[in-house]
Amino acid sequence: MNQRIQLASLDDQRNVAAREAVRQRISWPANLTPANVTYHSRGHALLLGSAQATYSAARLLQGRGLASLTLMFIDEPAQQEALSSGNEPLIEHCLSPGQLQRLHISGHLGAFQVELRSADGEQLNLAQALIERSVFDIVLDMTGAEHSVNALSWELPPPGYVQLDWAMAGNPGEAIDSVAELIGEFDKPRYFQVNSDLCAHSSSGNIGCTRCLDVCPTDAITSHKGRIESRIEIDPFLCQGVGSCTSACPTGAIEFRLPETHRQQDTLGGWLTAYREAGGQVPVMRFITQDALDMERQAGVVTPGYVLDAPLEELGAAGHDQWLTALANGAAEVRIHLYEAMPPRLSTFLNNQLAQAHSVLEALGHDAARIQFIEPNDSAARDALPALMPLTDTALALLEPDKRLRLNRVLERLAELGAPSGKRHPMPNGAAYGAIEVDNSACTLCYACVSNCPTPALSAGGDTPSLSFREADCIQCGLCEKTCPEDAISLLPGFLASPERQTRHICHSEAPFECISCGKPFATVSTVAAIKQKLAHHPYFAGEAMARLEMCEDCRVKDVWKTMIRDPDAQLKV
């Protein structure tokens, strides 16, 4: 289970040959024809910053083919050397300190909305006011950290938004060149696909899962309120393929497309199988961005033969389910190679995923050190020999199409290979593991929770009124808790390291209430009692009519018609 490695038994030349065999046999999956989004930029640029910085940048940008240059100063311009007359229009505007606080920038390349927003809700479109266009195409932000512009809250600025600290930049030419090149049409992959049928965000007007909203560093994901339901929408022009939303989504409603999540997961298993078949030993699966891997190769870095590199578009594209998949398929360790200047929300997300992975491993009787982060430039940790032998040398077949079912299969394998504690273990906030507690004295088996549950976790009984629950399917979205009209449900977060997690059990059951007229069971005793209590003072059920609440739907209609036949004016008395 946690067997230590004997150093003398390793042959790294053999591992190098096995790794090369893997590369020749199975390539990392790639979507060769992804759907694209197209940016259209005519080159109307906004230069925002101090007068000195904007004038200096404007001189370097004149004559570079831009359609217009709008200089927006955040201070009073001192005497400046006159700009040479160019072909592009040149517009200047000075913002007061108060206006700078109310400046709001949103959008992306070819469609930047730049507005002054007042406290009473009025908005002034500065592009319309200054260049008679609805939007700017490009923004060069040189305000620096000491000034407050709302756009600085972006962890990852959108395409077309270039940030430059003029005072600190030794050579601003690279940033200036990047602005001048943003003219024309530009294609970018559509990184994701969304299956709204699987989404657990909203039901019956209640908000449930918000994990994707919480982890996106580009603010590309928003919740839109419909007439009743809210829905998740992803702006493909703002999305930059970080992938943390797809890893955070517990149902697979959001899926990464470069490559698809399930293909990536299958490839991990295929690589480890091919590595073993080629004679490789103690494989270590390293998750690293493709950019970082390219930089290593350009620098001539050669890693030990037992290190298998999974090249990701971004580290967020693989969460703890993928890391655990590698262990369940025979990786001795999993290493996630971080890089410098990671977006804060991505760092927070990865830390949360690591904490979840460690909690699960410990609950199942495995060493949490099998999954670890590697800091940037830490070559010793990157190349270190794994301390433990692999858990298995047998491949895990994941035939299930559903993300949650695949995760449950991985957890089953790890439980088989370990020593589960049989207890419930605490998990980090937001983890999609846990159960529910049902107050039997309050539950009326109305099944509102069943109809609103986005997974098969909750189910209604058959012939006997009952509510059943399977913990392995529960993602802790909270929709059942919010939907229950009797407040009979509460969430019980935590990972249960026991076979009971996989079994369905009855939370509450009652004997059926039989119709007093025909004897057909149609509800539960508690449901009928609750309805009679709530409608006790309703005129339609006054007097003998109260008995209708103890009738099935057919007999209730028959009784109404019989009453109308006996007394046609009865309907006018309600």
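Asp 309 is buried (under 20% relative accessible area, with exposed meaning over 50% and partly exposed in between; 1.4 Å probe, protein chains only), at 9% relative accessibility. Its salt-bridge partner is Arg 286, at 2.6 Å from N to O, where a salt bridge is a side-chain nitrogen of Lys or Arg within 4 Å of a carboxyl oxygen of Asp or Glu. Arg 286 is also buried, with a relative accessible area of 1%. Asp 309 belongs to strand 18 (residues 307-312) and Arg 286 to strand 17 (residues 284-289), so the pair ties together parts 23 residues apart in sequence. Strands (E, at least two residues) and helices (H or I, at least four) are DSSP runs numbered from the N terminus.

The model is predicted, with local features requiring pLDDT of at least 70 and side-chain atom pairs pLDDT 80 or more, while totals for chains, interfaces and linings use all residues. Residues are numbered from 1 along each chain as its sequence is written, and side-chain values use heavy atoms, without hydrogens and water.

In total, 23 salt bridges are counted. One of them joins Arg 409 and Glu 412, with the closest N and O atoms 3.7 Å apart. These residues are three apart in helix 13 (residues 403-417), a separation of about one helical turn. Arg 409 is partly exposed at 22% relative accessible area, as is Glu 412 at 28%.

Ala 57, Leu 60 and Leu 61 of helix 2 meet Ile 176, Val 179 and Ala 180 of helix 5, contact being heavy atoms within 4.5 Å.
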